[in-house]
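Dear colleague,

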Amino acid sequence: MTARPSLAKGRGDDATQALESAAFPAGVRALAAVLLAGLLLFGLWLSPRFAQAQWSAGGLALFAAAALMVLWMGAWIVRSRTRLEDGELSQTWVWHKRVHAADAASVKLVDIPGLRQVVAPRLLVRRRGGGMTWFHSADPRLLTAFCTQVARTQPTNARR
């Protein structure tokens, strides 16, 4: 099953129509959900042993923080979305990532077509003035559409 970007309603022209897809393929999201559920069940099964263990305050805090981080990141893998609208690429994540096509100095698409169900296509965006951001999308067409918009914003004399 291939994820297809949904076309949101535009305001009249093609430049305002939005493309959106899940950030990670369905297989990755399903695997993350199964692993999270398995970890939770395993934790519940071991809870009597955890209660009997002699915990130091630091050890308990470290264990709790690690458990919360695993659950938090897994939840974001399942619910993260990538959107391209009005020349801006954004991805919901633990923090909201966004970049406008005019602010991109270069882009690099990393896609392995035979492994799309387990390795999400991703785009490395280097910003003008420094910094870089990775964007993931279950549908590489969304990322290539952003690459096209970046290419349109580049000056013609820069292609040597």
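I begin with a pair of residues in the sheet: in β7, the bridge partner of K108 is L124. L124 also stands opposite W134 in β8. Helices (H or I, at least four residues) and strands (E, at least two) are here DSSP runs, numbered from the N terminus, and two strands pair if DSSP finds at least two bridges between them.

Please note that this is a predicted model, in which local features need pLDDT of at least 70 and side-chain atom pairs count only at pLDDT 80 or more, while totals for chains, interfaces and linings use all residues. Residues are numbered from 1 along each chain as its sequence is written, and side-chain values use heavy atoms, with hydrogens and water left out.

The sheet

Three strands form an open, antiparallel sheet in the order β6-β7-β8. The edges are taken by β6 (104-110) and β8 (132-136); each has a single partner strand, so one side of each is left without a neighbour in the sheet. From one strand to the next the twist averages 20°; axes are lines fitted to C-alpha atoms, for helices over the stretch in contact, and angles run from 0 to 180 degrees between N-to-C directions.

The antiparallel pairing of β6 with β7 extends over six bridges. Strand β7 (residues 122-127) pairs with β8 over five bridges, again in the antiparallel sense. R126 stands opposite M132 in β8. Four residues separate β7 from β8 in a hairpin, and G129 in its turn has a positive phi of about 85°. Helix α3 (residues 140-153) lies across β6, β7 and β8 and runs at about 150° to β6.

H136 lies in strand β8. With 13% relative accessibility, H136 counts as buried; buried means under 20% relative accessible area, exposed over 50%, and partly exposed in between (1.4 Å probe, protein chains only). Apart from its neighbours within four places in sequence, H136 is in contact with A23, F24, T82, Q91, K97, A120, P121 and R122, where contact means heavy atoms within 4.5 Å.

L84 is found in strand β3 (residues 81-85) and is buried, with a relative accessible area of 3%. Leaving aside its neighbours within four places in sequence, its contacts are Q17, A18, L19, L89, L142, A145, F146 and Q149. L84 and F146 are 62 residues apart in sequence, and their C-alpha atoms are 7.1 Å apart in space.

D86 is found in the loop between β3 and β4 (88-91). Its phi is near 50°, a positive value in a residue other than glycine. Most residues other than glycine have a negative phi. D86 is partly exposed, with a relative accessible area of 34%.

The largest pocket

The largest pocket has a volume of about 320 Å³. The search used a 1 Å grid over the protein atoms alone; a pocket is an open set of points where a 1.4 Å probe fits, with protein on both sides within 12 Å along at least five of seven lines, and lining residues have an atom within 4 Å of a point. Grid points are joined across faces, edges and corners, and a volume is the space filled by probe spheres set on the points.

The lining consists of L39, L40, F42, G43, L44, L46, F50, F63, A66, A67, V70 and L71. The elements that give two or more residues to this lining are α1 (26-52) and α2 (57-79), and α1 gives the most, with seven residues. The lining divides into eleven nonpolar residues, one polar and no charged; Ala, Val, Leu, Ile, Met, Phe, Trp, Tyr, Cys and Pro count as nonpolar, Asp, Glu, Lys and Arg as charged, and the others, Gly among them, as polar.

The chain as a whole

The protein chain has three helices and eight strands. From the N terminus on, its elements run β-β-α-α-β-β-β-β-β-β-α. Of its 160 residues, 28% are buried. Among contacts between residues at least 6 apart in sequence, 55% join residues at least 24 apart.

With kind regards
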